[in-house]
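Subject: Handing over the structure

Hi,

Here is the structure I promised to pass on to you. Have a look at it first, and then read on for what turned up.

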Amino acid sequence: MPESVPGPAPLEPAELLAWDRRHVWHPYGPMPGRQQPLIVESASGARLRLARPAYGRRELVDGMASWWAAVHGYNHPVLNAAAERQLGRMSHVMFGGLTHEPAVRLARLLAGLTGLEHVFLADSGSVAVEVAVKMCLQYWRSLGRPAKRRLLTWRGGYHGDTWQPMSVCDPDGGMHRLWEGVLPEQVFVPEPPAGGLESEVDPAYAASLREAVRRHADELAAVIVEPVVQGAGGMRFHSPGLLRVLREACDESGVLLVFDEIATGFGRTGELFAHRHAGAGEEGVLPDVLCLGKALTGGYLTMAATLCGPRVAEGISRGEVPVLAHGPTFMGNPLAAAVARASVELLLSRDWRGEVHGLERGLREGLAEARGLPGVVDVRVLGAVGVVQLDHEVDMAAATRAAVEQGVWLRPFRNLVYAMPPYVVSGEELERICAGMCAAAAKG
Ligand SMILES: *Cc1c(COP(=O)(O)O)cnc(C)c1O
């Protein structure tokens with residue numbers, strides 16, 4: 001295609017917003033829309049460029065990395081080149097009966113990094129969790145134990161918006177009351193004590209976890225949790241020692257263990273995967289099934305992965321239906337797989353650990369003053385995640401405005417103003433993000 005092929009004429013902002021309001025659902029939004037979203041025209045590095053200024057700002061430093069995903073920032077030359085190379089070959093081809101280098105190389109890379117050798121390339125995080133649940137249920141069915149079909153999790157979690165993931169989201173945060181009678185009923189234990197990364201395991205809580213897994217063992221297919229950081233369910237940090245408690249409890253009681261690292265994967269917490277905070281290699285805690293997503297493609301395209309070890313794969317293969325009964329249309333999408341591989345390799349080639357530690361230090365310093373603000377009950381930082389917790393529900397419009405006035409994009413929720421910036425933010429940009437968070441906490 002010659003480069004001179006013109007694109008469509010740009011929409012006037014007012015018209016775009018009118019159409020948006022009338023025709024386009026936004027996350028957890030009403031129809032027609034009520035809030036007026038900002039129009040992003042382009043993005044580069046850690047900055048979003050708006051189609052027209054908002055509160056005097058045309059350019060915003062992105063504190064959200066597009067919900068944990070854009071770890072390398074936007075419009076990155078290495079990821080652009082990977083996408084363009086793959087576009088010139090094929091952007092998609094079906095995965096039934098066909099295979100291709102981008103998917104095979106990515107799967108091998110992820111298997112090597114995680115120690116779980118079988119990889120299902122799904123098309124979003126929620127689907128990756130659906131596949132993880134299906135793997136676990138099918139495993140027990142194959143072994144002649146169909147009664148083992150429930151899941152156990154702790155409160156305060158978030159695992160996605162499709163049906164099975166919703167059933168293991170926090171019952172209050174996930175609006176389970178709305179779905180009474182239709183959502184599968186899972187086993188919930190209290191949320192883990194939020195002592196943070198350095199905290200010891202609370203023995204009473206650990207005992208109650210073990211006891212709950214034992215008591216429900218006959219009906220449990222798996223335990224599923226987000227290791228170390230509970231993200232969209234409340235931005236809480238718990239002791240990595242709890243992961244070992246869960247591993248032992250699952251082994252004792254014959255239950256599979258699933259770690260959902262869709263938010264925490266790829267360095268965000270200071271380890272490549274958050275469960276490595278409990279140790280690495282032989283010393284570590286390995287789940288039976290692991291979900292990855294969000295930062296997998298560096299925020300470029302939608303792709304996620306569900307990985308498992310030989311135990312689960314062989315179990316499924318022994319069943320009456322000896323195949324994993326799942327196969328989405330866009331499974332293994334070559335364009336996303338090529339960019340994902342480039343993104344993971346780019347991450348590994350950088351001093352990501354140093355970058356994340358630098359962000360941790362900067363967030364700690366920059367958010368120190370938030371502790372003194374009226375209404376602030378907690379300020380916590382873990383890796384490249386900073387959280388300011390308020391004693392009241394955030395006034396979204398006021399908080400967003402306060403951040404934008406500082407030149408920062410944030411998306412608070414409930415009583416939380418939080419940030420997980422791209423790893424490539426400069427010192428000055430990080431200071432600005434912290435100032436934006438403080439302003440949002442003060443005014444929201
Ligand atoms: C975002 C998220 C999901 C869901 O991923 P989507 O791509 O939004 O479907 C699942 N689990 C965790 C921990 C997440 O943060």
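A polar contact is a pair of N or O atoms within 3.5 Å; inside the protein, one of the two must be able to donate a hydrogen and the other to accept it. Please keep in mind that this is a predicted model.

The side chains of Asp288 and Arg247 are joined by a polar contact of 2.9 Å. Asp288 sits in the loop between strand S10 (256-260) and strand S11 (289-292), and it counts as buried because its relative accessibility is 10%. Asp288 also has a salt bridge with Arg311, where the closest N and O atoms are 3.7 Å apart. Arg311 belongs to helix H9 (residues 310-317) and Asp288 to the loop between S10 and S11, so this pair ties together parts that are 23 residues apart in sequence.

A few other salt bridges are worth a look. The count comes to 24 salt bridges. Salt bridges with shared partners link Arg47, Glu59, Glu428, Glu429 and Arg432 into one network. In helix H4 (residues 101-114), Arg105 and Glu101 lie four residues apart, about one turn of the helix, and their side chains meet in a salt bridge of 2.8 Å, N to O. Arg105 is partly exposed at 40%, while Glu101 is exposed at 51%. Arg49 pairs with Glu41, with 3.6 Å between the closest N and O atoms; here Arg49 has 31% relative accessibility and is partly exposed, as is Glu41 at 46%.

Now to the ligand. Which residues surround the ligand? They are Ser124, Gly125, Ser126, Tyr158, His159, Gly160, Glu226, Asp260, Ile262, Ala263 and Lys294. This shell divides into three nonpolar, five polar and three charged residues. A polar backbone atom of Gly125 is 2.9 Å from an oxygen atom of the ligand. On the side-chain side, a polar atom of Asp260 lies 2.7 Å from a ligand nitrogen, and one of Lys294 lies 2.6 Å from a ligand oxygen. Taken alone, the ligand exposes 380 Å², and the protein buries 82% of that.

Next, the backbone. Most residues other than glycine have a negative phi, and most peptide bonds are trans. Against that background, Met31 and Pro32 are joined by a cis peptide bond, with omega about -5°. Pro32 is in the loop between helix H1 (13-23) and strand S1 (40-44), and Tyr28 is in the loop between H1 and S1 too. Tyr28 has a positive phi, near 50°, and is exposed at 63% relative accessibility. Val228 has a positive phi as well, near 70°. Is Val228 buried or exposed? Val228 is buried, at 0% relative accessibility, in the loop between strand S7 (220-225) and strand S8 (229-230).

Finally, the surface. Tyr28 comes back here: together with Trp163, Met175, Leu178, Trp179 and Val182, it forms a nonpolar patch with about 650 Å² of accessible area. Trp163 is found in helix H6 (residues 163-167) and is partly exposed, at 37% relative accessibility.

Enjoy exploring it!

Best wishes

Methods
Residues are numbered from 1 along each chain as its sequence is written. This is a predicted model: local features need pLDDT of at least 70, side-chain atom pairs count only at pLDDT 80 or more; totals for chains, interfaces and linings use all residues. Side-chain values use heavy atoms; hydrogens and water are left out. Patches are made of residues with over 30% relative accessible area and no salt bridge: like charges are joined within 9 Å, nonpolar side chains (Val, Leu, Ile, Met, Phe, Trp, Tyr) within 5 Å. Accessible areas come from the Shrake-Rupley method with a 1.4 Å probe; for residues, only the protein chains shown count as cover. A salt bridge is a side-chain nitrogen of Lys or Arg within 4 Å of a carboxyl oxygen of Asp or Glu. Helices (H or I, at least four residues) and strands (E, at least two) are DSSP runs, numbered from the N terminus. Buried means under 20% relative accessible area, exposed over 50%, partly exposed in between (1.4 Å probe, protein chains only). A residue is near a molecule or strand if one of its heavy atoms lies within 4 Å of it. Ala, Val, Leu, Ile, Met, Phe, Trp, Tyr, Cys and Pro count as nonpolar, Asp, Glu, Lys and Arg as charged, and the others, Gly among them, as polar.
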